[in-house]
Number of protein chains: 4
Amino acid sequence: MMLPVTAPRSLKEKQRQEREELILQAAEEVLAEKGYYETSIDEIAARVGIAKGTVYLHFPGKEDLVIAILERNAQAIVELVEATVAIAQSNREKLEAILRFVYGGFFDPGKRHLMQLPYIVMNSAELRRVFVEKKGCMRVKWDRLEALVASILEDGKAAGEFDKTMPTPVMISTFFSLLSPRSFERLIASNQMPVSDYVKHLGRFYFKGIAAIQGE
Amino acid sequence: MMLPVTAPRSLKEKQRQEREELILQAAEEVLAEKGYYETSIDEIAARVGIAKGTVYLHFPGKEDLVIAILERNAQAIVELVEATVAIAQSNREKLEAILRFVYGGFFDPGKRHLMQLPYIVMNSAELRRVFVEKKGCMRVKWDRLEALVASILEDGKAAGEFDKTMPTPVMISTFFSLLSPRSFERLIASNQMPVSDYVKHLGRFYFKGIAAIQGE
Amino acid sequence: MMLPVTAPRSLKEKQRQEREELILQAAEEVLAEKGYYETSIDEIAARVGIAKGTVYLHFPGKEDLVIAILERNAQAIVELVEATVAIAQSNREKLEAILRFVYGGFFDPGKRHLMQLPYIVMNSAELRRVFVEKKGCMRVKWDRLEALVASILEDGKAAGEFDKTMPTPVMISTFFSLLSPRSFERLIASNQMPVSDYVKHLGRFYFKGIAAIQGE
Amino acid sequence: MMLPVTAPRSLKEKQRQEREELILQAAEEVLAEKGYYETSIDEIAARVGIAKGTVYLHFPGKEDLVIAILERNAQAIVELVEATVAIAQSNREKLEAILRFVYGGFFDPGKRHLMQLPYIVMNSAELRRVFVEKKGCMRVKWDRLEALVASILEDGKAAGEFDKTMPTPVMISTFFSLLSPRSFERLIASNQMPVSDYVKHLGRFYFKGIAAIQGE
DNA sequence: TATGAATGAGCGTTCATTCAT
DNA sequence: TATGAATGAACGCTCATTCAT
């Protein structure tokens, strides 16, 4: 009774958030390693060093835990991309920066989960059904990213850099297609090329592909 | 005695194959709808209108059933693609034909499963582990497809049509990236563009991207 | 229509009995190898080279098939034992003949199934429940064997050879205990002794044990 | 903080052990009643009044549950036999004590499972395959028992009490043969004799059988 | 609040038995 | 009559979720 008023509550709250962070990290880790269906709440709890029930004090269920991760990652990615883009000068540099950022993310072991999970979910039919269609989650965040790319492309078109005859949605679609981690995996699997070279080729290819047609 | 020789055996065999075909179709359907883990043998059997045990008369287990579907589809796709390519004249036309074929497949409701399932499996980390890595299945088929594309690209390079400074693996990688059903899905979701137009844009984009550099 | 009267029927009947014999032999074989629960009708049919359904034309079910085997074996054993005993002269020789016969049976690969199956069933709680208690089968046959031994023992007692103070049921019980194949298995497992020597020791031991007390 | 140190842990642990004990008892019961293959985890759980899954919190699988029972019983039997033997004076008294102990066990409804289960497993070909051969379990315990009997018999031979011309393995084999519950069951089935009398006869029979030959 | 024992629906799989051919 | 495809009840086992402590 007589609950201590704010300080302890915020202390508790802080501890709670720290705990939640640990759960999210562990879950992200297992998820990236084993995939959704092979991941058990038990293993997540074990990695954090807490009891299974405690996970349910923070997240109502397995799905919600995964959603939280996805939204957090989407949020982080979008913000990082926005920051990355903000620094770049030209439209082309902006898109190249995104390419570099994404592929750098796959390359950097510390950021890999961040980039991989959204792809795992978006590319798995069963998970998309659960997390994208059934829940409306992540929509908003990804839309922001798409809008960002769209605005860069529109700017480029307005500046006469990019091909005005190619609809922006097609440009967006091709751009995001190139970001697939599948091709990256093939690269590291066959060890054929450093990431930076691959990204350079990708950039050259993309900008040649969308370049404004001369004499237009 | 005097057993009727071929007719009854082939009749039985025919019925057996028909049944198997029904199971494969139902399984393909559920698989495309729900994904591997959400698909139960019970539901497959129910859709065919047979008992659960009957499925096991045709396939030793769930994995094997899925493998059968995947191999069948991979086989069919590869053969259709090869046939498609055989008709085309120039290297560019060959690759465009593949693009059209694949996107036409996504568009044609009758061929959708055919095209979707390999993507479902190849893009899901958990399923790749089971079906591509653990079993060696499908490897061979997909390699044939990749080799086909590679040979077209090499021919184009030799003919001075395609950019010799871009490594063939990168060209292959970008080409297959463009075939992702994800972008197609976005299209039909937003209903923005007929498939044929989208494919036309894709082709233009890709060939501009890989075109030989003038003056080279 | 117009069924041919007797000859063909008896031909059919003969074939039928031959078939049944083959099924019984195969079943006995698998049963001895794998035990009741690990034996499947499928395997029995496969060994005979007939269809599963055909087994059910001869025996109403798995249990009944096993019962048929057991009764046949019991019948055969009892008859062989009776024949064996008939030849022997003295009471001691009769019992020794039985010992030799039983252990010889375990030893002779051709007779092993014959001897083993009854033991498997009588010594397995689950099978006894099914085959001895639930069905009343085999009771009669084994009782005849017991009666035979009992009469030999009684004769021996009357002749002053065997200990009159030991109740015949106890003598019977100990006698049958010594016939357990378990001890034989241990022998062949450790390869310590030829069967004939073991049986000789067993006989000496048993007759010393039941010998009439001197001065009585 | 200030976690109560040992009490709660030991309380939990105690409850856990009690639960486990209940499962073991129920499993032992069903096992003795129905045998291994007719015993289902469902029924064990139902008898304890718990859910099926709970059984798996205590034992990784059906086999392991049975092994636990067998080892527990073997352990208990061996220890009780050793204690029984320790009290007895002469070699003959020691073996008689074992006989009395074993048959007393069969007679005492509370100890019946204890004695029966090892026999069920050792005498069923299919179970021996699973539990004795595949797993190495119980081997050690039973060897200790055999060694105990062997040493008593050797002592007796050395003391001139037992027949030196009969190999100890044969003596051991006959001794264990007499301990079979089969004969006891026949007794209680026919209600012919009190257990103590039966054991007395058995003892007299056995020691006459192995007695040193006079004048030797 | 944190725990982790308990739950029970659900899965993949087996196999004795049936029955249309 | 012989077949073997079809059946479906039953099994061992898993794991997301709940709740008494």
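**Exercise 1. Determine how many residues surround DNA strand E, and which are the closest.**

Solution. Step 1: apply the cut-off, by which a residue is near a strand if its C-beta atom, placed from the backbone, lies within 6 Å of it. In this predicted model, local features need pLDDT of at least 70 and side-chain atom pairs count only at pLDDT 80 or more, whereas totals for chains, interfaces and linings use all residues. Residues are numbered from 1 along each chain as its sequence is written, with chains lettered from A and ligands numbered from 1 in the order in which they are written.

Step 1: 30 residues surround DNA strand E. The closest are A:Gly53, A:Thr54, B:Gly61, C:Gly61 and D:Gly53.

Step 2: assign the surface to helices (DSSP runs of H or I, at least four residues, numbered from the N terminus). At least two residues each come from α3 (52–58) of chain A, α2 (41–48) and α3 (52–58) of chain B, α2 (41–48) and α3 (52–58) of chain C, and α3 (52–58) of chain D.

Step 3: sort by class, with Ala, Val, Leu, Ile, Met, Phe, Trp, Tyr, Cys and Pro as nonpolar, Asp, Glu, Lys and Arg as charged, and the others, Gly among them, as polar. The surface near DNA strand E has 10 nonpolar, 10 polar and 10 charged residues.

**Exercise 2. Describe the contact between chain A and chain B.**

Solution. Step 1: two residues are in contact if their C-beta atoms, placed from the backbone, lie within 7 Å. Chain A contributes 31 residues and chain B 32 residues.

Step 1: on the side of chain A that touches chain B, α6 (112–123), α7 (125–134), α9 (168–178), α10 (181–190) and α11 (195–210) of chain A each supply at least two residues. The most come from α11(A), with 7 residues.

Step 2: this side of chain A comprises 14 nonpolar, 11 polar and 6 charged residues.

Step 3: superpose the copies by least squares on the C-alpha atoms of residues with pLDDT of at least 70 in both.

**Exercise 3. State what relation superposes chain C on chain D, and which chain pairs lack contact.**

Step 1: chain A and chain C have no contact, their closest C-alpha atoms lying 32 Å apart. Chain B and chain C do not touch either, with nearest C-alpha atoms 13 Å apart.

**Exercise 4. Characterise the packing of α5(D) and α8(D).**

Solution. Step 1: axes are lines fitted to C-alpha atoms, for helices over the stretch in contact, and angles run from 0 to 180 degrees between N-to-C directions. The axes of α5 (residues 91–107) and α8 (residues 139–158) of chain D come within 9 Å and cross at roughly 150 degrees.

Step 1: α5(D) and α8(D) are therefore roughly antiparallel (angles over 145 degrees).

Step 2: the contact involves D:Asn91, D:Lys94 and D:Leu95 of α5(D) with D:Ile152, D:Asp155 and D:Gly156 of α8(D).

Key
Angles under 35 degrees count as roughly parallel, over 145 as roughly antiparallel, 65 to 115 as roughly perpendicular and the rest as oblique.
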